[in-house]
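My entries follow the structure.

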Amino acid sequence: MSVKVLLFGDVGIDDTIALIYGYFKDEVDIVGVVADYGNIPRNRAIRNVRYLSNLFGISEKEVAIIGGAEIPLTGETPEFFPEIHGEYGLGPIIPPKIPDGVIENFFEIINIIKSYQDELIIVNIGRLTSLATMFTLYRELMNKVKSYYIMGGAFWVPGNITAVSEANFYADPVAANLVLSHAHNVTIIPLNVTEQAIVTPKMADYIDYVGKAKIIKPMLDYYYNFYKKRNPKAQGSPIHDALALMATIHEDMFGFRNLPVHIVQKDEGVAKGQSIADIRPYVNLKKDKGREHRIAFTLDYPKFYKEFMSVMTGEAF
């Protein structure tokens with residue numbers, strides 16, 4: 001049996017790796033992709049999903065492509081990161097122009113949720129604006145979703161935008177807080193574990209040698225060049241988003257704790273978007289605002305390595 005996944009993403013390099021993993025993995029059935037602003041503008045995110053679908057022979061009848069949010073709930077102008085993900089989100093790769101077709105189809109999400117309901121897992125690997133919008137408009141419907149996996153946050157480890165804040169929560173902290181206040185069965189996959197999900201250049205070389213997906217190496221080489229410049233001791237590229245998708249079928253890869261979570265929403269400089277887990281043992285969840293969520297704090301890297309390399313090469317590791 002495969003898990004049914006509706007994926008929300010901003011389709012940069014690690015989002016793309018997540019999509020490829022999902023396409024290759026028999027136990028994961030991606031039924032739709034909501035393409036949002038984030039690493040790149042929304043129109044380029046949609047273009048990337050269409051490019052990948054064509055590349056791997058996947059029709060929109062198999063995987064729905066949905067245009068998501070263009071700006072955060074805060075109303076701020078989004079900041080994009082070509083130095084990390086490339087101008088088009090695929091590193092050095094410029095996807096061919098593909099007719100846009102219908103992209104104002106956001107409410108197709110409703111049909112997908114109604115079709116699968118308690119079978120459906122929502123995996124959010126980008127900004128949380130689109131997901132928050134669904135909770136604002138269709139809170140009862142969103143309660144029918146089986147579970148939510150969210151790549152975001154940093155708990156007692158350095159952030160990747162500020163000293164304490166991770167990019168997805170930082171870019172729209174209002175949306176992040178809204179989702180975490182109303183979603184049920186939430187698993188958060190934060191930087192605590194995603195920074196450990198390293199793909200080394202040798203791993204990328206071997207995936208390229210096997211030849212199952214030739215676009216992986218140029219993307220990861222581009223990604224690694226950024227991380228290497230930022231930290232000369234970097235051993236490889238962290239594939240944050242693929243790890244969140246892997247978590248839907250490989251919970252044994254992680255160590256979790258259930259804790260209440262709060263997101264700093266106001267623009268308070270370094271603290272904006274900070275994810276705060278309350279570890280006080282005497283907290284009364286019914287009295288205090290906020291929900292308790294499952295947070296991944298440890299990663300079994302050998303299990304990650306075997307799974308990632310096996311799926312991406314088609315060989316047993």
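I took a charge to sit over a ring if NZ of Lys or CZ of Arg is within 6 Å of the ring centre and within 35 degrees of the ring normal. By this rule, the charged end of Arg44 sits over the ring of Tyr88, 4.2 Å from its centre. I also found Lys272 over the face of Tyr170, at 4.5 Å from the ring centre.

I note that this is a predicted model, in which local features need pLDDT of at least 70 and side-chain atom pairs count only at pLDDT 80 or more, while totals for chains, interfaces and linings use all residues. Residues are numbered from 1 along each chain as its sequence is written, and side-chain values use heavy atoms, with hydrogens and water left out.

I next looked up aromatic pairs (rings of Phe, Tyr and Trp, the last by its six-membered ring, with centres within 6.5 Å; planes under 30 degrees apart are stacked, over 60 edge-to-face, the rest tilted). The structure holds 17 of these pairs. Phe24 and Phe56 pair edge-to-face, 5.5 Å centre to centre with 90° between the planes.

I then checked accessibility (buried is under 20% relative accessible area, exposed over 50%, partly exposed in between; 1.4 Å probe, protein chains only). Phe24 is buried at 18%, whereas Phe56 is partly exposed at 22%.

Tyr206 and Phe317 also form an edge-to-face pair, 6.1 Å centre to centre and 80° between the planes. I recorded Tyr206 as partly exposed at 30% and Phe317 as partly exposed at 36%.
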